[in-house]
Amino acid sequence: DSIGYLQTLAEVVPTYRLTNKIDSARILNNRGLKMSVGKKIDRLFYLNDAILDYHDGNYQLAKSKLERILPTLLKMTSDYTSEYDIIEAYVYLGKSLRKMRVDYKAITYFKKVDSFSKSNNFYIPEGRQAYIELIDYYKIRNNSQNQLLHINKLLHVDSIINNYYRSGSYEMITRFD
């Protein structure tokens, strides 16, 4: 079952990335890119590829790839795309632009993380970075009202994430101990 294998592979790549094993993530993602040609699941490997480019310091390339894949992700016409993927794309697009010192445009993507997460009631740990970036942005501009607004949003997001992951961890421990 190649689709089942590709789905698993697409989920293993971020695991390696999140544990700073970028080379291993790249090797597995390249395998997925080759195997998924012509299949709808290829969008996950293109997303992973762009994020890995960000981690390699290729911010312009990451930005270009993310801008190309984002419209496909936003359609969410497939079982292979989730809210998680869209939030990741927004976060890394914003982070790439920030590294390229295009702050005004980066902020629009960090705001999209907030808007998308709120409208879908879906929050992920990597999405926290958007709120931190917004807080820093408004702090530098001495806009304490917007800074406070985003501090409160970050506290709200943290409580949701901590509650979700804590209860998930507890369930894993009790069910499989």
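Modeller: Let us begin with a loop residue: N121 lies in the loop between α6 and α7 (128-140). Please keep in mind that this is a predicted model.

Colleague: Is N121 buried or exposed?

Modeller: The general idea is a cut-off: a residue counts as exposed when its relative accessible area is over 50%. N121 has 60% relative accessibility and therefore counts as exposed.

Colleague: Where is R101 placed, and what is its phi?

Modeller: R101 sits in the loop between α5 and α6 (103-120). R101 is not a glycine, yet its phi is positive, about 65°. With a relative accessibility of 75%, R101 also counts as exposed.

Colleague: Let us turn to helices. How does one read the packing of helix α1 and helix α2?

Modeller: One takes the angle between the two axes and compares it with a cut-off: angles over 145 degrees count as roughly antiparallel. Helix α1 (residues 2-18) packs with helix α2 (residues 22-35) at about 160°, and their axes are 8 Å apart. The two helices are therefore roughly antiparallel to each other. The crossing in which α1 passes α2 is left-handed.

Colleague: Which residues of α1 and α2 meet?

Modeller: From α1 come Y5, L6, L9, V12, V13, Y16 and R17; from α2 come I22, S24, A25, L28, N29, R31, G32 and M35. Sorted by class, this contact of α1 with α2 holds 10 nonpolar, 3 polar and 2 charged residues.

Colleague: At what angle do helix α3 and helix α5 cross?

Modeller: Here the other cut-off applies: angles under 35 degrees count as roughly parallel. Helix α3 (residues 42-55) and helix α5 (residues 83-99) cross at roughly 30°, and their axes come within 10 Å. Therefore α3 and α5 are roughly parallel to each other. The crossing of α3 past α5 is left-handed.

Colleague: Which residues make the contact of α3 with α5?

Modeller: In α3 they are L44, L47, I51, Y54 and H55, and these meet D85, E88, A89, Y92, K95, S96 and K99 in α5. The residues of this contact divide into 6 nonpolar, 2 polar and 4 charged.

Colleague: How far apart are the C-alpha atoms of L44 and I151?

Modeller: They are separated by 31 Å, and the two residues are 107 residues apart along the chain.

Colleague: May we finish with a residue in another helix? Where is H150 placed?

Modeller: H150 belongs to helix α8 (residues 144-176). Its relative accessible area is 4%, so H150 is buried.

Colleague: What does H150 touch, and what does its side chain reach?

Modeller: When residues up to four places away in sequence are not counted, H150 touches Y131, L134, I135 and Y138. The side chain of H150 reaches the backbone oxygen of N146 at 2.8 Å.

Note on methods: Residues numbered from 1 in each chain as written. Predicted model: local features only at pLDDT ≥ 70, side-chain atom pairs only at ≥ 80, totals over all residues. Heavy atoms only, no water. Axes fitted to C-alpha atoms, helices over the stretch in contact; angles between N-to-C directions. Helix = DSSP H or I, 4+ residues; strand = E, 2+ residues; numbered from the N terminus. Parallel < 35°, antiparallel > 145°, perpendicular 65-115°, else oblique. Left-handed = near helix turned anticlockwise from the far one by under 90°. Contact = heavy atoms within 4.5 Å. Nonpolar A, V, L, I, M, F, W, Y, C, P; charged D, E, K, R; others polar. Buried < 20%, exposed > 50% of the residue type's maximum accessible area, 1.4 Å probe, protein only. Polar contact = N/O pair within 3.5 Å; in protein donor to acceptor, adjacent residues only side chain to side chain.
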